[in-house]
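Please read them with the coordinates open beside you.

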Amino acid sequence: MTTSTWTDFRTAEPDFADTVRRRFAQYKHHVLATLRKDGSPRLTGLEVDFWEDEPHLGMMPNSRKALDLRRDPRFSVHANPGPDAELADGDVRISGHAVEVTDPAVLARFVEGRTPPEPFHLFRVRPTEVVRVGLEGGDTMVISTWRPGRPLRTIRRGNDG
């Protein structure tokens, strides 16, 4: 799949990008999917930090998820759905490639104003797909999908047969 930058996504679909960012901001912890060495999925919790207006994934040194991403950068991160079944603000996820940030000057800037446990790994998100699923009118499911180089696609599905 073609990757892009968050800036490319935000430029192409500013309202959708804002919706996704707000949804991730509602809760601190989210769920990350990575690929183990044998190709099977691994799900773990983490925080998504929109630093310098781009999503970043931070993790402890040599954590399994960090080692997974170093070996195979493909991931999907799902926003915390919240405490109930309402999903009033929809359900969002970002899939793509994680690029490790190794430049000491960039890492030093990231630490400014934050207190991450050090040392740490930091990965910048390069999206291949951004999806939001929500309800409209109480009974119509609305699925919006963005992929690099394609227009935003929205599908509506109802329970009316």
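1. For the residue classes used below, Ala, Val, Leu, Ile, Met, Phe, Trp, Tyr, Cys and Pro count as nonpolar, Asp, Glu, Lys and Arg as charged, and the others, Gly among them, as polar. By that scheme the lining of the largest pocket holds eight nonpolar, four polar and five charged residues.

2. This is a predicted model, in which local features need pLDDT of at least 70 and side-chain atom pairs count only at pLDDT 80 or more, while totals for chains, interfaces and linings use all residues. Residues are numbered from 1 along each chain as its sequence is written, and side-chain values use heavy atoms, with hydrogens and water left out.

3. The largest pocket has a volume of about 380 Å³ and is lined by 17 residues, of which Glu47, Gly58, Met59, Pro116 and Pro117 lie nearest its centre. Strand 2 and strand 3 are the elements that give two or more residues to this lining, and strand 2 supplies the largest share, four residues. A pocket here is an open set of points on a 1 Å grid over the protein atoms alone, where a 1.4 Å probe fits, with protein on both sides within 12 Å along at least five of seven lines; lining residues have an atom within 4 Å of a point. The volume is the space filled by probe spheres set on the points, which are joined across faces, edges and corners.

4. In helix 3 (residues 64-71), Lys65, Ala66, Asp68 and Leu69 are buried (buried means under 20% relative accessible area, exposed over 50%, partly exposed in between, with a 1.4 Å probe and protein chains only). Seen down the axis of helix 3, these buried residues fall within an arc of 160°, so they line one face of the helix; the arc is that of the directions from the helix axis to the C-beta atoms. They pack against strands 1 (29-35), 2 (41-51), 3 (54-59), 4 (74-78), 5 (91-100) and 6 (121-136), with contact taken as heavy atoms within 4.5 Å. Helices (H or I, at least four residues) and strands (E, at least two) are DSSP runs, numbered from the N terminus.

5. Most residues other than glycine have a negative phi, and most peptide bonds are trans. Asp53, in the loop between strand 2 and strand 3, has phi near 65° and is partly exposed at 29% relative accessible area. Asn62, in the loop between strand 3 and helix 3, has phi near 60° and is exposed at 52%.

6. The peptide bond from Glu118 to Pro119 is cis, with omega near 0°, and Pro119 is found in the loop between helix 4 (104-111) and strand 6.
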